[in-house]
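Points are grouped by topic below.

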Amino acid sequence: MPSDRLTRRTLMTTLAVAGGTAALSHAAADSVSDDPNWKIAKGRIKQSVVQWCFKPMPTEELARHAAALGMKSVELCPPADWPILKKYGLTCAIASSHGFVRGWNHRENWDFCADSITKAVNASADFGCPTVITFSGMRGDLPAGPEGDEIGKKTMVEGLKRVLPLAEQKKITLAIEMLNSRVDVEMKGHPGYQCDSIEWAVDVCDRVGSDRLKILFDIYHVQIMQGDVIVRLKKYKDYIAHYHTAGNPGRNEIDDSQEIHYPGIMKAIAETGYKGFVGQEFIPTWKDPVAALRYAARVCDV
């Protein structure tokens, strides 16, 4: 019937327009149609940017852009770069340490981890960096399933107790990062990593029982492994020392090409009373990485 043909034609036209609008929306964001002089205004979320994602951009260039955007930190850069941050009125929100491959879940790594954490804690205390990252390490030859998890947790708890007295003395928080073990792409996932759920990290914190051991809640990794991001961040709000962002899939921009609704998540974080940092840890794909960072800062300034 004519009315059916009209309805179908109207529907197809509507879908075409909607698709074109979405494409234009992304293209507009990518070409920086927004104000290049924009900076963070609301400030409910204290934003930081992770250095490694923006390489080969020099730390000083990234710090200059971060400061212009109203960010407060460039993080996970070496202590040798920290005076550069201070020059731009920035801090390092979280310091790096021993890396995620060799961690506390294997006793043979304890000396390596302890030495790295000790250096990071002392440097952080001297500079004013509040947090140092730490990791479980890879499962390796531990048994699969609950048996291996229990061995890994017990070993990690014992190992962490070697460095926590110093962290407590210096008033530096160690933050266990949970990583996804599903995505087999370099720096987008870590197959074999043991602490691949928030509950795994929380259990270690509970067993250690120190206010100076908390978790790094990486929204990208949690989305991949578990989902229910807002439910989990509210449930475990008292355990969270730091947040990271990235779009999923891909670990790229937090724009409308990916599935995580960051404005809602940022509002939920603010509502928990969280006063720490949120680090932008996406790998930029846009022609202008600074435009991508500005876009992310706008999304998170709720």
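In which loop does Pro249 lie? Pro249 is in the loop between strand 7 and helix 10 (262-271); helices (H or I, at least four residues) and strands (E, at least two) are DSSP runs, numbered from the N terminus. This is a predicted model, in which local features need pLDDT of at least 70 and side-chain atom pairs count only at pLDDT 80 or more, while totals for chains, interfaces and linings use all residues. Residues are numbered from 1 along each chain as its sequence is written, and side-chain values use heavy atoms, with hydrogens and water left out.

**Backbone**

- Most residues other than glycine have a negative phi, and most peptide bonds are trans.
- Asn248 and Pro249 are joined by a cis peptide bond with omega of about 0°.
- Another cis peptide bond, with omega of about 15°, joins Lys55 and Pro56; Pro56 lies in the loop between strand 1 (46-50) and helix 2.
- Arg251, which is not a glycine, has a positive phi of about 60° and is found in the loop between strand 7 and helix 10.
- Asp228, also a residue other than glycine, has a positive phi near 50°, and its place is the loop between helix 8 (219-225) and helix 9 (229-235).

**Helix 2**

- His65 is in helix 2 (residues 59-68).
- Not counting residues up to four places away in sequence, His65 touches Met57 and Val290 (contact means heavy atoms within 4.5 Å).
- His65 and Arg294 are 229 residues apart in sequence, and their C-alpha atoms are 9.0 Å apart in space.

**Helix packing**

- Helix 5 (residues 145-160) packs with helix 7 (residues 198-208) at an angle of about 45°, the axes being 10 Å apart; axes are lines fitted to C-alpha atoms, for helices over the stretch in contact, and angles run from 0 to 180 degrees between N-to-C directions.
- Helix 5 and helix 7 are therefore oblique to each other, since angles under 35 degrees count as roughly parallel, over 145 as roughly antiparallel, 65 to 115 as roughly perpendicular and the rest as oblique.
- The contact includes Asp149 and Leu160 of helix 5 and Trp200 and Val208 of helix 7.

**Pocket**

- The second largest pocket is lined by 13 residues, with Ala241, Tyr274, Lys275, Gly276 and Phe277 nearest its centre.
- On a 1 Å grid over the protein atoms alone, a pocket is an open set of points where a 1.4 Å probe fits, with protein on both sides within 12 Å along at least five of seven lines; lining residues have an atom within 4 Å of a point.
- Strand 7 (residues 240-245) gives the largest share of this lining, 3 residues.
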